[in-house]
Amino acid sequence: EVKQNEEISIGKPKQDVCIYVVDEDLNELNENEIGEFLISGKSVGKGYLNPSLNKNRFIKFKNEKAYCTGDLGYKKDGKFYYIGRKDKQIKYNGYRIELSEIEKAFYNIEYVEKVIVATTKNDEGKVNKIIAFVKGNCEISKQELKKEISQTLPEYMIPRIKIVKTMPINENGKIDEKSLLEELNEGKNNRNDN
């Protein structure tokens with residue numbers, strides 16, 4: 001369930017389109033539950049030019065052609081809110097990890113207002129750190145958060161935690177991950193921070 005104060009709506013669908021929020025088994029979710037956006041209606045195209053890409057994206061849903069967007073979000077009061085991509089999958093220490101699963105786990109903690117999970121890479125281009133940038137709706141500590149998240153996630157998915165007072169927003173109205181990572185690197189140059 002989502003608990004965010006600074007929500008940015010992507011709006012409502014036009015009249016000839018339906019948007020659903022579904023889980024991995026294509027079950028429609030309730031308001032405030034995070035899932036994938038599914039679009040159906042007359043505006044949905046026939047598919048990609050490369051037919052091999054169509055298999056898991058263009059499906060039948062409620063007897064209509066539908067498109068699985070790969071975008072995660074939730075519905076509240078008839079409006080839709082985007083929170084990230086479903087396919088933010090990485091390989092880390094031999095494990096395949098969906099970064100959005102880590103984000104979902106943080107959003108289930110009542111005092112977490114906003115979170116974005118990012119990665120850093122080594123010189124060979126391999127992920128060497130997973131970092132959760134977390135904004136709370138009250139005073140929180142890394143230790144508290146780590147204890148809470150350890151009850152939900154396996155050890156290999158537990159990220160380093162960086163508590164932030166604000167989340168920078170980019171031109172598209174999304175959390176500016178790049179800016180957060182740059183701030184983190186500047187902070188590391190000035191002090192020893194994990």
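## The largest nonpolar core

In this predicted model, the largest nonpolar core holds 26 residues, and among them Ile102, Phe106, Val112, Val115, Ile130, Val134 and Leu145 touch the most other members. A nonpolar core is here a set of buried Ala, Val, Leu, Ile, Met, Phe, Trp, Tyr and Cys residues joined through side-chain atoms within 4.5 Å, where buried means under 20% relative accessible area, exposed means over 50%, and partly exposed lies in between (1.4 Å probe, protein chains only). Two or more residues each come from β7 (89–92), α1 (99–107), β9 (112–121), β10 (127–136) and α2 (142–150), and α1 gives the most, with five residues. These element names refer to DSSP runs numbered from the N terminus, with helices (H or I) of at least four residues and strands (E) of at least two.

Leaving aside residues up to four places away in sequence, Ile102 touches Ile97, Val117, Ile130, Leu153, Met157 and Pro159, a contact being heavy atoms within 4.5 Å. Apart from this core lies another one, of 10 residues, including Ala118, Val164, Met167 and Leu181. In soluble globular proteins, nonpolar side chains tend to be buried together.

## Aromatic pairs

The structure holds seven aromatic pairs; rings of Phe, Tyr and Trp (its six-membered ring) pair if their centres lie within 6.5 Å, and planes under 30 degrees apart count as stacked, over 60 as edge-to-face and the rest as tilted. The rings of Tyr74 and Tyr81 are stacked, because their centres are 5.1 Å apart and their planes are at 10°. Tyr74 is buried at 0% relative accessibility, and Tyr81 is also buried, at 10%.

Tyr95 and Tyr156 form another stacked pair, with 3.7 Å from centre to centre and 10° between the planes. Because Tyr95 lies in strand β8 (residues 95–98) and Tyr156 in the loop between α2 and β11 (160–163), this pair ties together parts that are 61 residues apart in sequence. Tyr95 is partly exposed, with a relative accessible area of 39%, and Tyr156 is partly exposed at 32%. Elsewhere, ring pairs link Tyr48, Phe58 and Tyr67 into a cluster.

## Glu36 and strand β3

Glu36 lies in strand β3 (residues 35–41), a strand that is mostly covered, with six of its seven residues buried. Glu36 itself is buried, with a relative accessible area of 9%, and its side chain reaches the backbone nitrogen of Gly70 at 2.7 Å. Beyond four places in sequence, Glu36 touches Tyr20, Val21, Val22, Cys68, Thr69, Gly70, Asp71, Leu72 and Lys86.

Strand β3 pairs in the antiparallel sense with strand β2 (residues 17–22) over six bridges, and with strand β5 (residues 64–76), again in the antiparallel sense, over five bridges; two strands pair if DSSP finds at least two bridges between them.

## Confidence and conventions

The mean pLDDT of the protein is 84, and 91% of its residues reach 70 or more, pLDDT being the predictor's confidence in each residue, from 0 to 100. Confidence is lowest in helix α3 (residues 177–190), at a mean of 75, and highest in β11, at 94. Over residues 1–6 pLDDT stays under 50. Where pLDDT is low, the predicted coordinates should not be read in detail.

Residues are numbered from 1 along each chain as its sequence is written, and side-chain values use heavy atoms, with hydrogens and water left out. In this predicted model, local features need pLDDT of at least 70 and side-chain atom pairs count only at pLDDT 80 or more, whereas totals for chains, interfaces and linings use all residues.

Key:
A polar contact is a pair of N or O atoms within 3.5 Å; within protein, one must be able to donate a hydrogen and the other to accept it, and residues adjacent in sequence count only if both atoms are side-chain atoms.
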